[in-house]
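Here is a walk through a two-chain protein model, written for someone who would rather look at side chains than read tables of angles. Keep the viewer open as you go.

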Protein chains: 2
Amino acid sequence: MTRPIEIHGKAIANGKTPIVCTPLVGRDPESLLAEVAKVVAKGPDILEWRVDYFRDIGDAETVIATGKRMRQIANGIPILFTRRSTREGGEPISIGDEEVVAMYAAVCKSGTIDLIDCEMDSDRDQIRRVRESARASDVKLVLSYHNFSYTPGLEVLKDRFLEAERLGGDVAKVAVMPRDLDDVLRLLQATLDASRKGRIPLISMAMGGIGSLSRMFGGMFGSALSFAVGDKPSAPGQVPIAEMNTVLGIVERAVGGK
Amino acid sequence: MTRPIEIHGKAIANGKTPIVCTPLVGRDPESLLAEVAKVVAKGPDILEWRVDYFRDIGDAETVIATGKRMRQIANGIPILFTRRSTREGGEPISIGDEEVVAMYAAVCKSGTIDLIDCEMDSDRDQIRRVRESARASDVKLVLSYHNFSYTPGLEVLKDRFLEAERLGGDVAKVAVMPRDLDDVLRLLQATLDASRKGRIPLISMAMGGIGSLSRMFGGMFGSALSFAVGDKPSAPGQVPIAEMNTVLGIVERAVGGK
């Protein structure tokens, strides 16, 4: 049911689902690389560099040089590279969308990352170019949708996953803000339905306090990846990585035990 | 949202939800009381004596004498007294339903128990008599429904909770067997809906491997009690009590953390 995410022709963490992803939110090279060292020690399956937090995002050379040092410290842990827009919950940055696309192309080419995140509501031509940059360098494309205001209806949610596939994404990601537990259940149902209908791996979560449930047991419903805190959170409701791993282990034993 | 279960005018475990209930399935007084001692050391909030496992169920005097010794060993932990019928997943017993009602009356009167379970699909007159025996001795009545074959539709599930309230139960319990994760989500949705519509505390769970999710996270959706294994399980999908407490603690912190 839950399709593992593959990079370079191989499933991450030998196909375990969900893999645990720790965000990196450092604002300059030194604090970012210190964060990487701290986080890597906690054993995440993958790192997400949230480059919208990075002060030098406008300087592709510094981004790539920092990415190279990150690669060394990460010691084999795959890296997902993400600029989140302010529309979808990210930090304000000093460059425009066109410059981001150019920077994405340079970073893909640099060989320092394994996956790259692009919002599916971006300009279609920009998505196409990011996809081409990614494909050319064997980088996987995560097409994502974030709603920090509310949780859309079931059909809309399902369509967001399928839209990522239609647009040529290698992975579909949907993150929403629930107002009540009904919203959390609907996000899980939409993930389950989309995992049956679609063909690419999915990532989904409801954010905030009550949404944290979906971070812990969404792996059963088709979500291949869950975000957990290594050093600092990047979105509300993220659980510390040690607690996440504890719960995932207990859930796996309980479910497998029948 | 989740109403705590009260006995003798006070919420069990100071109103914590869900409380963790450990089943007791010993077949004779000695092994049963050894089981109680073993289980009590693990700190459950409540014990359920599954008397259908008890070989001497037909001898009310032995049942009550054993109940008195159990009371001492339980050292203040409340006791739920349950004969589960074979129709709803229980063990075959040597006496008929009428004798069970008489035995229930004697046990209520003995002061050795705090809650008693009666299946809501029992004969209406028998339910009425069990309710009267319970009320007369300040014992709370759990009216229960178990389906080991499948998970009914949403409206049927909601109605099972509300039926328990209509029949004069103090607590409504619904346990079902899911065939897929859609069934697990529906059980949680029904619990959530019933907790908004009804007025009495609820207990709900989906059984089996995939159902174990609902045992761990159902407390958020209105279920006031979750069964966990102290020594031996009484139904499929029950998680060991230590793991249950670990998950509940992590969930509570994550949800409260917002």
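## A residue to start from

Ile12(B) sits in the loop between β2 and β3 of chain B. The model is predicted, so treat everything below as a reading of that prediction. Is Ile12(B) buried or exposed? With a relative accessible area of 5%, Ile12(B) is buried, because buried means under 20%.

Which residues does Ile12(B) touch, once its neighbours within four places in sequence are set aside? The contacts are Ile5(B), Ile7(B), Ile19(B), Asp45(B), Ile46(B), Pro78(B) and Leu115(B).

Now hop over to chain A. Pro18(A) is in the loop between β2 (10-11) and β3 (19-24) of that chain, and the bond leading from Thr17(A) to Pro18(A) is cis, again with omega near -10°.

Why stop for these? Most peptide bonds are trans, and most residues other than glycine have a negative phi. His8(A), which is not a glycine, has a positive phi of about 50°. You'll find His8(A) in the loop between β1 (6-7) and β2 of chain A, where His8(A) counts as partly exposed at 43% relative accessibility. Over in chain B, Asn75(B) has a positive phi of about 55° and is not a glycine either. Asn75(B) belongs to the loop between α2 (60-74) and β5 (79-82) of chain B, and at 66% relative accessibility Asn75(B) counts as exposed.

## Where the chains meet

Next, the contact between the chains. How many residues of each chain take part? On the chain B side there are 30, in contact with 30 residues of chain A. The size of an interface is often given as the accessible area lost when the parts come together. Here chain B and chain A bury about 2500 Å² between them, with 75% of it on carbon and sulfur atoms.

There are polar links as well: four salt bridges run between chain B and chain A, and six residue pairs are in polar contact, both residues at pLDDT 80 or more. On chain B, the helices α6 (181-197), α7 (208-217) and α8 (241-257) each supply at least two residues of the side that touches chain A. That side of chain B divides into 17 nonpolar, six polar and seven charged residues.

Of its 17 residues, 14 are buried, so α6(B) is largely enclosed by the rest of the structure. Its length checks out too: at 1.5 Å a residue, α6(B) should span 24 Å, and its end C-alpha atoms are 24 Å apart.

## Salt bridges

A search of the whole structure turns up 52 salt bridges over all chains. Here are a few of them to click on.

| Salt bridge | Closest N to O distance |
|---|---|
| Glu243(B) and Arg253(A) | 2.7 Å |
| Asp52(B) and Arg50(B) | 2.9 Å |
| Glu119(B) and Arg87(B) | 3.7 Å |

Take the Glu119(B) pair, which links distant parts of the chain: Glu119(B) is in strand β6 (residues 115-119) of chain B, while Arg87(B) is in the loop between β5 and α3 (97-110), 32 residues apart. Glu119(B) is buried at 4% relative accessibility, whereas Arg87(B) is exposed at 56%. Chain A also has a network, in which salt bridges that share partners join Glu98(A), Asp125(A), Arg128(A), Arg129(A) and Glu132(A).

Arg166(A) and Glu163(A) are three residues apart in helix α5 (residues 154-166) of chain A, which means they are separated by about one helical turn. Arg166(A) is exposed, at 53% relative accessible area, but Glu163(A) is buried at 10%.

What about Asp52(B) and Arg50(B), buried or exposed? Asp52(B) is buried at 2% relative accessibility, and Arg50(B) is buried at 5%.

Definitions and conventions. Residues are numbered from 1 along each chain as its sequence is written. Chains are lettered from A and ligands numbered from 1 in the order in which they are written. This is a predicted model: local features need pLDDT of at least 70, side-chain atom pairs count only at pLDDT 80 or more; totals for chains, interfaces and linings use all residues. Side-chain values use heavy atoms; hydrogens and water are left out. Contact means heavy atoms within 4.5 Å. Buried area is the accessible area (1.4 Å probe) that two parts lose on being put together, summed over both. A salt bridge is a side-chain nitrogen of Lys or Arg within 4 Å of a carboxyl oxygen of Asp or Glu. A polar contact is a pair of N or O atoms within 3.5 Å; within protein, one must be able to donate a hydrogen and the other to accept it, and residues adjacent in sequence count only if both atoms are side-chain atoms. Helices (H or I, at least four residues) and strands (E, at least two) are DSSP runs, numbered from the N terminus. Ala, Val, Leu, Ile, Met, Phe, Trp, Tyr, Cys and Pro count as nonpolar, Asp, Glu, Lys and Arg as charged, and the others, Gly among them, as polar. Buried means under 20% relative accessible area, exposed over 50%, partly exposed in between (1.4 Å probe, protein chains only). The expected span of a helix is 1.5 Å times one less than its number of residues.
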